[in-house]
Amino acid sequence: TLFRSVGLGRANIQVPLLPSGDYPLVITIGGIASAPATISVLNPTSSVLSSAGTFLLPGPWFSAALYGNVAYLCGSSAIQTIGLVNLAAPQSIGTTSVTNGFICTLQGNNLLELNGNSNISVYGLTDPTQPALLAPATALANWFTDSIVPAGSTVFFSSDWYTLNGAAITSQHGEFFSYDFTNPASPVFLSQLMPTAGVPGSSDLSPRWKVALIDSGTAVIASTTATGGSTGNGTGLAEVVDLTNPASLQVVGAVALPNTAVVTGVAVQDGIALLIGNTSGW
């Protein structure tokens, strides 16, 4: 008596470089071909961005935040709420007046907006179409904030600012702070990053332009080793900061970027950091 059993086989397939699209996959064993299966290939080199829709709105607008099918454009005098239910036809669904507005970002169900150089306003999004101010703006410890980076109930801020003598820069500064936003209406200062001996660029005399989270316990800061009156006298730097204890921030390492004087931007995805910088001073 012959018995046949159906087993499970595994094949590791290396997909060649193909244009984006759907392709049939057939596996042949001993001259017998399998039924075709469809695989979808996305080739980034062949992908082209295209416009899904356009909405013209007088500005200026400094940043945007996306909350489901609602977007917030943040400008100097208003937060403009845009409905994105139909991407081909975005539409204005509300305007919130602000004073000296600048950048904004989302922290859970709240919208945080920087006012002026060092005040943070918190808007509740119980109704996403109508951001509601939760409390008067809170003054931050740092000036000229460049990044607002939420991590759960903790929010991190980076800054860069300068001392001027007429039009000349005589000194430059950069800070990194943590705040407890457990009560978004009343943020509480936790800690300021302290310079670490032996780590160039951890000095508060080195600007810290942008921040991105590697994970919930680690951040990378776009900076420079430069101090004094010019960012051109240093090397672009990616500072790595331990956020495990937000009340005691620690620089744990730094990576110098060759052929740069300053690093001005950073983005992180899947453990890979992309940094951009200038070959000359700021």
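Modeller: Both Cys74 and Cys104 are buried, meaning under 20% relative accessible area with a 1.4 Å probe, protein chains only. This is a predicted model: local features need pLDDT of at least 70, side-chain atom pairs count only at pLDDT 80 or more, and totals for chains, interfaces and linings use all residues. Residues are numbered from 1 along each chain as its sequence is written, and side-chain values use heavy atoms, without hydrogens and water.

Colleague: How many disulfides does the structure hold?

Modeller: One. Cys74 and Cys104 form a disulfide, with sulfur atoms 1.9 Å apart; the cut-off for a pair of cysteine sulfur atoms is within 2.5 Å. Cys74 lies in strand E6 (residues 70-75) and Cys104 in strand E9 (residues 101-107), so the pair ties together parts 30 residues apart in sequence. Strands here are DSSP runs of at least two residues (E), numbered from the N terminus.

Colleague: And which hand does the link of Cys74 and Cys104 have?

Modeller: Right-handed, with 90° about the S-S bond.

Colleague: New topic. What order do the strands have in the open sheet of four?

Modeller: E5-E6-E7-E8, with antiparallel pairing. Pairing takes at least two DSSP bridges between two strands. Strands E5 (61-67) and E8 (91-97) stand at the edges with a single partner strand each, so one side of each has no neighbour in the sheet.

Colleague: Over how many bridges do E7 and E8 pair?

Modeller: Six. Ile82 stands opposite Ser92 in E8.

Colleague: Last one. Is Ser118 buried or exposed?

Modeller: Buried, at 9% relative accessible area. Ser118 sits in the loop between strand E10 (110-115) and strand E11 (119-124).

Key
Buried < 20%, exposed > 50% of the residue type's maximum accessible area, 1.4 Å probe, protein only.
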